[in-house]
Amino acid sequence: MYTTSNLDVEKTRKAAFEINPLILNRWSPRSFTGQELGDKELFSLFEAARWAPSSFNNQPWRLIYAKRNSQHWNLLFSLLADGNKSWCTNASVLVVIVSKKTFDYNGKPSITHQFDAGAAWENLALQAVTQGLVTHAMQGFDYEQAKRELNVPDDYEVMAMVAIGKRASREKLSPELQKHEAPNDRKPLSEIIMEGKFGNKVGLL
Ligand SMILES: Cc1cc2nc3c(=O)[nH]c(=O)nc-3n(C[C@H](O)[C@H](O)[C@H](O)COP(=O)(O)O)c2cc1C
């Protein structure tokens, strides 16, 4: 079992029932060191994404990446909204996650392709924690431009972008961003778990 303790996380995140600490230790910082990431480290993250479950094992996720100081970095970076650019400038890798909307086996629409791609992203994010890395998903970028400029075919949909890197100190951020540089909390289970029908309360909670 993964047991690394994380002081930032312990201050704000308390699990209501016992869970693997790995799950609480994944959060989305914005302060990155700007170090480059080796291919072995990076491809372990992609490998984790690969093993996500999906409807009919269709594996709709596709991951388009650019490492900092590489040929494609500026292209992916240029897609970002200004707010995200301000801190992504120190990320090690940017990844655009794309999902195939149809099943390989019959060409029909997959209702769950986004759900499946989400599972792949979470696998990647949790694997990053085990490697001492951090990830930050983003919707703040130009989806149309991404589709066009990354040559994404029409039966694929752009899902999200992810910044990956090594975490730096909070103080490296602007005062405004420093305010948000901490692990956040979650809704209580009583708000999200329903027994039998939508809206039904659960006695245990
Ligand atoms: C699909 C998705 C899109 C997001 N978009 C942005 C974004 O554009 N900019 C940003 O700073 N954070 C973004 N976030 C980060 C969320 O705000 C963050 O995941 C959420 O507050 C939960 O916090 P945690 O990841 O630290 O647990 C995004 C997260 C997800 C999953």
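Here are some friendly notes on this predicted model, point by point.

1. **Ground rules.** The model is predicted, so local features need pLDDT of at least 70 and side-chain atom pairs count only at pLDDT 80 or more, while totals for chains, interfaces and linings use all residues. Residues are numbered from 1 along each chain as its sequence is written, and side-chain values use heavy atoms, with hydrogens and water left out.

2. **The sheet.** Let us start with the strands (DSSP runs of E, at least two residues, numbered from the N terminus, just as helices are H or I runs of at least four). Four of them form an open sheet in the order 1-2-4-3, with antiparallel pairing; two strands pair if DSSP finds at least two bridges between them. Strand 1 (61-67) and strand 3 are the edge strands, each with a single partner, so one side of each has no neighbour in the sheet. From one strand to the next the twist averages 25°.

3. **Pairing within the sheet.** Strand 2 and strand 4 run antiparallel and are joined by eight bridges. Strand 3 also pairs with strand 4 in the antiparallel sense, over five bridges.

4. Is strand 3 largely enclosed or left open by the rest of the structure? Four of its five residues are buried, so the strand is largely enclosed. Buried here means under 20% relative accessible area, exposed means over 50%, and partly exposed lies in between (1.4 Å probe, protein chains only).

5. **Helices on the sheet.** Helix 3 (residues 39-50) lies across strand 1, strand 2 and strand 4, and runs at about 165° to strand 1. Helix 6 (residues 113-130) packs on the sheet too, touching strand 1, strand 2, strand 3 and strand 4, with its direction at about 10° to that of strand 4. The axes are lines fitted to C-alpha atoms, for helices over the stretch in contact, and angles run from 0 to 180 degrees between N-to-C directions.

6. **The largest nonpolar core.** A nonpolar core is a set of buried Ala, Val, Leu, Ile, Met, Phe, Trp, Tyr and Cys residues joined through side-chain atoms within 4.5 Å. Of the 25 residues in the largest one, Leu80, Trp87, Cys88, Leu94, Met138, Met161 and Ala163 touch the most other members. Two or more residues each come from helix 4 (73-78), helix 5 (82-88), strand 2 (93-100), strand 3 (134-138) and strand 4 (156-165). Strand 4 gives the most, with four residues. A second, separate core has 21 residues, including Val95, Ala128, Ala160 and Ile164.

7. **Leucine 80 up close.** Which residues is leucine 80 in contact with, leaving aside neighbours within four places in sequence? They are Lys85, Cys88, Leu94, Met138, Gly140, Phe141 and Met161, where contact means heavy atoms within 4.5 Å.

8. **Serine 99.** This residue of strand 2 counts as buried, at 0% relative accessibility. Its side chain makes a polar contact of 2.8 Å with the side chain of histidine 113. Such a contact is a pair of N or O atoms within 3.5 Å; within protein, one must be able to donate a hydrogen and the other to accept it, and residues adjacent in sequence count only if both atoms are side-chain atoms. Beyond four places in sequence, serine 99 touches several residues, among them Pro60, Gln114, Asp155 and Tyr156.

9. **Two positive phi values.** Glutamine 59, in the loop between helix 3 and strand 1, has a positive phi of about 50° and is partly exposed at 30% relative accessibility. Asparagine 69, in the loop between strand 1 and helix 4, has a phi near 60° and is exposed, with a relative accessible area of 61%.

10. **The ligand site.** The ligand is surrounded by 14 residues, of which Arg13, Ser28, Arg30, His136 and Arg186 are the closest; a residue is near a molecule if one of its heavy atoms lies within 4 Å of it. A polar side-chain atom of arginine 13 is 2.6 Å from a ligand oxygen atom, and an N or O atom in the side chain of serine 28 is 2.4 Å from an oxygen atom of the ligand. Glutamine 139 takes part through its backbone, with a polar atom 2.8 Å from a nitrogen atom of the ligand.
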